[in-house]
Every structure is written in C-alpha cells, then in structure tokens.
Amino acid sequence: MTKIALLDYGMGNLHSVGKALSNVGADVIITHDPKQIQACDKIVFPGVGAMKDCMAGMATAGIDEVVKQAVFNKPVMAICVGMQALFEQSAENGGVGCLKILQGNVSKFDENLHQQGEKLKIPHMGWNTIHDMDDAHPLWQDIADNTHFYFVHSFYCEPADPTIISARCEYGIDFCASIIKENLFATQFHPEKSHTAGLQLLKNFVQWRI
C-alpha cells in the first residue's frame, strides 16, 4: 500500500483530503515531522486560506524546506494554495514571497471579469470544466476533457514555462488549472471536493510510478 504524508501546517483541508486518499487505497499519515515525511512514498501538500498565513504556517511547522527537498526525490501533489505556494511570488496580501520551486508568479483575478456578457464573481467558486489536458500522462487516466472539478480561489498561477501546464480552465480568462513537472503535480481545483472525477485523479496519483 502506498504510504502518503499529508502535510499538516494548519492550512489544509486535512480531513476531507485524507479521507479521499484513503478511499482510493492510500495509507495516509497526517504529519509535519520531517522523519515521517521522508519515510513516506509520496507527499500531498494541501492548502486553503491566505498565502501569508500559508507561508507562516509552513515556517512554523518547519516543512518549507522539507517540501523543497521532497520535490527532488519523490512524487508530490499540491492542491489549491499549495499549488500557488510552489511559485516565486504571490500578489496576495500585498505581495508574499513563496517557495520558489517553480518559476512564475500568482496573480489576482480582475474584479471586472466578464463571461458571456455577465460579470463574474470573485472568488471563482464552484464547479467548472478543465480542458487541454495532457491526455497521455497517467495522472489524467480515465478523466475526459471538459470534466467538472470544484474550484475555490481568487488568485491563479502564471508559470514562466507554459510547457508545465497540464490543464486549463476558463473563467473570464483562460488560466492554469494544473501543472506537471517531472515528479511534481499540482491542481488549482480541489480533487477531494470533486466527487468521482476527483477520486479518480487522486487514485491516479496514488498509483503513479515515476
């Protein structure tokens, strides 16, 4: 059974993420202990709330450096604010330095976004479809283009290298919904809240071999 460290730094939806991972066959350990994290096969890096609090929580829990080291030696999945934290800088809270694992920044949705003649609400919250998926990648196995996933966010990632974008979403603008780079996988949406499709994606991550 695949052993997964679900990182606990006070900013993740740990119960629902852990339950979803267990439902698809993972042995889940909720922890911020570097030794336990190192002993696991894979890491899931969740996140909700404000980026400033996210970065402070990681520093307090001592897992910011753990995450940086882990992305070089085992599969890592980051969710929502966890995905945003991988980049260099976020516009949230007046500007927050992030982990700088990936080149690029995190920008705020324009308050005047429109789609089909209607003004869009910020945050982008609820079900939306993803497209332009990297269909050949095992992480997208058995997930069709234009599948619905659940989003809750006001900020979106802008990778400096567009080739790492593995899925996109439309919300007034076409934005990055997921990235894959070597052993690193991240989603702006919440798989644990996305019912059947989300469970399939988590199952694909649990079974992923690199």
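Student: Which residues touch the most other members of the largest nonpolar core?

Tutor: In soluble globular proteins, nonpolar side chains tend to be buried together. A nonpolar core here is a set of buried Ala, Val, Leu, Ile, Met, Phe, Trp, Tyr and Cys residues joined through side-chain atoms within 4.5 Å. Buried means under 20% relative accessible area, exposed over 50%, and partly exposed in between, with a 1.4 Å probe and protein chains only. In this predicted model, local features need pLDDT of at least 70 and side-chain atom pairs count only at pLDDT 80 or more, while totals for chains, interfaces and linings use all residues. Residues are numbered from 1 along each chain as its sequence is written, and side-chain values use heavy atoms, leaving out hydrogens and water. The largest core has 75 residues, of which Val44, Phe45, Met58, Ile130, Trp140 and Phe185 touch the most other members.

Student: What does Phe45 touch?

Tutor: Contact means heavy atoms within 4.5 Å. Leaving aside residues up to four places away in sequence, Phe45 touches Leu7, Tyr9, Met58, Val67, Met77, Ala78, Ile79, Gly82, Ala85, Leu86 and Leu99.

Student: In what order do the nine strands of the open sheet lie?

Tutor: Helices (H or I, at least four residues) and strands (E, at least two) are DSSP runs, numbered from the N terminus. Two strands pair if DSSP finds at least two bridges between them. Here the order is β2-β1-β3-β4-β15-β14-β13-β10-β11, with mixed pairing. The edges are β2 (27-31) and β11 (148-153), each of which pairs on one side only. On average, neighbouring strands of this sheet are turned by 30 degrees against each other, direction ignored. For such angles, axes are lines fitted to C-alpha atoms, for helices over the stretch in contact, and the values run from 0 to 180 degrees between N-to-C directions.

Student: Which strands does helix α1 touch where it packs on the sheet?

Tutor: Helix α1 (residues 14-23) touches β1 (3-7), β2, β3 (42-45) and β4 (76-79), and its direction makes about 170 degrees with that of β1. Helix α6 (residues 195-207) also packs on the sheet, touching β1, β3, β4, β10, β11 and β15 (184-187). The direction of α6 makes about 145 degrees with that of β3.

Student: Which residues of α1 are buried, and why do they lie on the same side?

Tutor: The buried ones are Leu14, Val17, Gly18, Ala20 and Leu21. They lie on the same side of α1 because they cover an arc of only 160 degrees around the axis, where the arc is that of the directions from the helix axis to the C-beta atoms. His15, Lys19 and Asn23, on the other side of α1, are exposed. The cover over the buried residues includes β1, β2, β3, β4 and α6. After α1 comes Gly25, with a positive phi near 100 degrees.

Student: How many residues of β13 are buried?

Tutor: Five of the seven residues in β13 are buried, leaving the strand mostly covered. Strand β13 (residues 165-171) pairs with β10 (residues 124-131) in the antiparallel sense over two bridges, and His131 stands opposite Arg168. Six bridges join β13 to β14, again in the antiparallel sense, with Tyr171 opposite Ile173. Their hairpin has one residue between the strands, and Gly172 takes a positive phi near 80 degrees.

Student: How many aromatic pairs does the structure hold?

Tutor: A pair of aromatic rings is described by the distance of the centres and the angle of the planes. Rings of Phe, Tyr and Trp (its six-membered ring) pair if their centres lie within 6.5 Å; planes under 30 degrees apart count as stacked, over 60 as edge-to-face and the rest as tilted. The structure holds eleven such pairs. One of them joins Phe109 and Tyr156, tilted, at 5.0 Å centre to centre and 35 degrees between the planes. Phe109 is in the loop between β7 (104-108) and β8 (114-115) and Tyr156 in strand β12, 47 residues apart.

Student: Which strands hold Tyr156 and Phe175?

Tutor: Tyr156 and Phe175 form a tilted pair, 6.4 Å centre to centre with 50 degrees between the planes. Tyr156 lies in β12 and Phe175 in β14 (residues 173-181), so the pair ties together parts 19 residues apart in sequence. Phe175 is buried at 1% relative accessible area, and Tyr156 is buried at 12%.
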